[in-house]
Amino acid sequence: MTLNLGAVFGAIVGGKLADRFGSKVVLISFLVIGFATLTMLSFKPSMIMLYVLIAIAGGTTTGTQIVTNAYVSQFYPNEIRSTGVGWALGVGRIGGIIAPTFCGVLLDMKLSLQVNFLAFAIPCIIAAVAIWFIQEKSSNLAVSSKEKKLV
């Protein structure tokens, strides 16, 4: 419940921050914070700190999906935007399918708690790096900004 409440809060706050600072900055920041939070969970925090970290993890991982949807939509022409975002969401769901199985495999391997959490934290860094390399000059946002300058 705490993870999902954090996700709701993260989606709302992330959306507001994205409006102010841009989706790319917010996504990278949230994913780096998500990495740090998931890593800190592996050090057996106190019960109160555990709930705080779980809420932050929810907000900075699951909650970023809303910001990601808005960000991805910038890269598709209006005619195919819903199809493009649908494909992005569909591919993203692969992680939702694979993660529980991966978790079971990790638990079966009897690895340390730190390794288990790190295995779920690393994708945050991979996603942050991938977003870092996205060239916004080819997005609809960049095109509309150029059109505004011409007018």
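Predicted model: local features only at pLDDT ≥ 70, side-chain atom pairs only at ≥ 80, totals over all residues.
In what order do the elements of the protein run from the N terminus on? The answer is α-α-α-α-α-α-α, and the count comes to seven helices and zero strands. Helices here are DSSP runs of H or I with at least four residues, strands are runs of E with at least two, and both are numbered from the N terminus.

Residues are numbered from 1 along each chain as its sequence is written, and side-chain values use heavy atoms, with hydrogens and water left out.

Now the overall picture. The C-alpha trace spans about 60 × 30 × 25 Å along its principal axes. The protein has 151 residues, and 27% of them count as buried (under 20% relative accessible area; exposed is over 50%, partly exposed in between, with a 1.4 Å probe and protein chains only). The accessible surface is about 9,900 Å², 73% of it from carbon and sulfur atoms; areas come from the Shrake-Rupley method with a 1.4 Å probe, and for residues only the protein chains shown count as cover.

Let's move to the largest pocket, with about 1,500 Å³ of space. Points are joined across faces, edges and corners, and the volume is the space filled by probe spheres set on them. Of the 41 lining residues, Thr61, Gly92, Gly95, Gly96 and Pro123 are closest to the centre. Helix H5 gives the most to this lining, with 14 residues.

H5 covers residues 81–108 and includes tryptophan 87. Why does tryptophan 87 count as exposed? Because its relative accessible area is 62%.

Last stop: threonine 62, in the loop between helix H3 (47–60) and helix H4 (64–73). Threonine 62 is partly exposed, at 43% relative accessibility. Leaving aside residues up to four places away in sequence, threonine 62 touches Ala7 and Ala57, where contact means heavy atoms within 4.5 Å.

Notes. 1 Å grid on protein atoms, 1.4 Å probe; cavity = no way out; pocket = protein on both sides within 12 Å on 5 of 7 lines; lining within 4 Å.
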